[in-house]
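Subject: Handing over the structure

Hello,

I am passing this structure on to you.

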Amino acid sequence: MTAANSAATRPDRTTARVRLRPTMTSDLEFVLSLEQDQENLAFITPWERTQHEAAIRFPDFRHFIIEGGQALNAVGFLILIGCRSQNQSLELKRMVVQAKGSGFGRAALRVAKKVAFDDLGAHRFWLDVKARNSRAKALYDSEGFVVEGELREALKVEGGFESLIVMSMLRPEFTGRRSLGLEVHA
Ligand SMILES: CC(C)(COP(=O)(O)OP(=O)(O)OC[C@H]1O[C@@H](n2cnc3c(N)ncnc32)[C@H](O)[C@@H]1OP(=O)(O)O)[C@@H](O)C(=O)NCCC(=O)NCCS
């Protein structure tokens, strides 16, 4: 990062304003275009439109548009899976933010944790992240997710295989963070 792009000049990440709203079919062009963006393709496995349409409808899924900034425009999307899980184990299946490094990802992740634990009754909130996705991994680390392990070379990609890191947060960990003021209020 150059001096001109330092913490002093970039938007205040800790106060980025976001909210989540359910994704509508009319949002899917935006969602698909984000998935197909070269910057994101390296870190996710894009879905077909029909998979997103199903995720909007299925009760076990929650598909959200991330709205952010002063005008609360669409700035990204995220998908939760396992919302009806008997094991109360929910997965953050995917999170993509268009304008990176502005704090929208962290703010959206905090709202997603609140939705998972407060609204959907999660006991465990988990995700996997490509081992070389250092930006996302740093975000999950700093938001209190604990590394469970590595799925070694679990993904076949062009030119070889990639490993996935599985990370999770348990309800007592979330509650503990909240009591320290590290999470969105109940
Ligand atoms: C991962 C992603 C959702 C994070 O959202 P974001 O808005 O860019 O992240 P934030 O601005 O909230 O930054 C959160 C943290 O990420 C890390 N980070 C941000 N930019 C970084 C960079 N260029 N290099 C390394 N880490 C970086 C930092 O730890 C940062 O914390 P800080 O504010 O204390 O410095 C977003 O970058 C994205 O959409 N990436 C492509 C898709 C993807 O990888 N999705 C996750 C799949 S598991």
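First, the ground rules. This is a predicted model, so local features need pLDDT of at least 70 and side-chain atom pairs count only at pLDDT 80 or more, while totals for chains, interfaces and linings use all residues. Residues are numbered from 1 along each chain as its sequence is written. Helices (H or I, at least four residues) and strands (E, at least two) are DSSP runs, numbered from the N terminus.

The ligand

The ligand is surrounded by 22 residues. A residue counts as near if its C-beta atom, placed from the backbone, lies within 6 Å of the molecule. The closest are F43, K100, G105, R106 and A138. Three elements each give at least two residues to this shell: β4 (89–97), α4 (104–119) and α5 (134–142). The largest share is that of α5, with six residues. By class, the shell holds ten nonpolar, eight polar and four charged residues. Here Ala, Val, Leu, Ile, Met, Phe, Trp, Tyr, Cys and Pro are nonpolar, Asp, Glu, Lys and Arg are charged, and the others, Gly among them, are polar.

The core

The largest nonpolar core has 38 residues. Such a core is a set of buried Ala, Val, Leu, Ile, Met, Phe, Trp, Tyr and Cys residues joined through C-beta atoms within 7 Å. Buried means that 20 or more other C-beta atoms lie within 10 Å of the residue's own; exposed means 12 or fewer, and partly exposed is in between, with C-beta atoms placed from the backbone. I66, F77, L78, A108, A112 and A116 have the most contacts inside the core. Its largest share, eight residues, comes from α4. Take A108: leaving out residues up to four places away in sequence, A108 touches V18, L20, I66, G76, L78, M95 and V97. Contact means C-beta atoms, placed from the backbone, within 7 Å.

The strands around β4

β4 is largely enclosed by the rest of the structure, because seven of its nine residues are buried. Strands pair if DSSP finds at least two bridges between them. β3 (residues 73–81) runs antiparallel to β4, and six bridges join them. In that pair, I81 stands opposite E91. β5 (residues 124–130) pairs with β4 in the parallel sense, over three bridges. There, L90 stands opposite F125. The chain goes from β4 through α4 to β5 in a right-handed β-α-β crossover. Right-handed means that, with the strands pointing away from the viewer, the path from the first strand over the helix to the second runs clockwise.

Single residues

F145 sits in the loop between α5 and β6 (146–157). F145 is buried, because 23 other C-beta atoms lie within 10 Å. Leaving out residues up to four places away in sequence, F145 touches Y140, M167, S168 and M169.

R84 lies in the loop between β3 and β4. R84 is partly exposed, with 13 other C-beta atoms within 10 Å. Its contacts, again leaving out residues up to four places away in sequence, are P59 and D60.

Most residues other than glycine have a negative phi. Q88, in the loop between β3 and β4, has a positive phi of about 55 degrees. E153, in strand β6, has a positive phi near 45 degrees. Q88 is partly exposed, with 16 C-beta neighbours inside 10 Å.

Best wishes

Methods: Contact = placed C-beta atoms within 7 Å.
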